[in-house]
Amino acid sequence: MEPVSSSAAQVIVSIIPIVGIVMGSVVIFFYLLWNHIRRTLLIKSGQFQRPEFDLLSFSLLAGLLLATVGLSLTVFLIIALGVNFGLLGGIIPLAVGTGLLVYYGIRRSDRNS
């Protein structure tokens, strides 16, 4: 026998994701707005300091993460599905991670010389 669901339950189940997305968007909007106002006031008062971004550390971390995730996905997809187009789901992050690691290696050797 099939379970019978009421139309009210279907409406509630349909509304829950919509309300979640709207509320999340409102929270993100106010965070961005208040961060912008805070930054504007810091600039006007002369207390703003631009945050430092270490590109070498970022490229090393992102490269290691992407290369390991890509390698594990590639191995898993070869074992599970064989060689087909689904394998791109592992090869693409592997290639991006390898590229970031190569960039890190080149920049680090340039910095040392």
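Colleague: What percentage of the 113 residues in the chain is buried?
Modeller: The model is a predicted one, and in it 12% of the 113 residues are buried.

Colleague: Which elements does the chain have, and how many helices and strands?
Modeller: There are 3 helices and 0 strands. Read from the N terminus, the order of the elements is α-α-α.

Colleague: Is the chain spread out or compact?
Modeller: Its radius of gyration is 24 Å, whereas the globule rule gives 13 Å for 113 residues; the value is well over that, so the chain is more spread out than a compact globule.

Colleague: And what does the C-alpha trace span along its principal axes?
Modeller: The spans are about 75 × 60 × 15 Å.

Colleague: Turning to packing, how do the axes of H2 and H3 lie to each other?
Modeller: Helix H2 covers residues 55-81 and helix H3 covers residues 88-112; their axes come within 7 Å and cross at roughly 150°. Since angles over 145 degrees count as roughly antiparallel, H2 is therefore roughly antiparallel to H3.

Colleague: Is that crossing left-handed or right-handed?
Modeller: H2 passes H3 in a left-handed crossing.

Colleague: Which residue classes make up the contact of H2 with H3?
Modeller: The contact has 18 nonpolar residues, together with 8 polar and 3 charged ones.

Colleague: One last topic: of the contacts between residues at least 6 apart in sequence, what percentage joins residues at least 24 apart?
Modeller: For this chain, 62% of those contacts join residues at least 24 apart.

Conventions: Residues numbered from 1 in each chain as written. Predicted model: local features only at pLDDT ≥ 70, side-chain atom pairs only at ≥ 80, totals over all residues. Heavy atoms only, no water. Axes fitted to C-alpha atoms, helices over the stretch in contact; angles between N-to-C directions. Helix = DSSP H or I, 4+ residues; strand = E, 2+ residues; numbered from the N terminus. Parallel < 35°, antiparallel > 145°, perpendicular 65-115°, else oblique. Left-handed = near helix turned anticlockwise from the far one by under 90°. Nonpolar A, V, L, I, M, F, W, Y, C, P; charged D, E, K, R; others polar. Rg over C-alpha atoms; globule rule 2.2 N^0.38 Å. Buried < 20%, exposed > 50% of the residue type's maximum accessible area, 1.4 Å probe, protein only. Contact = heavy atoms within 4.5 Å.
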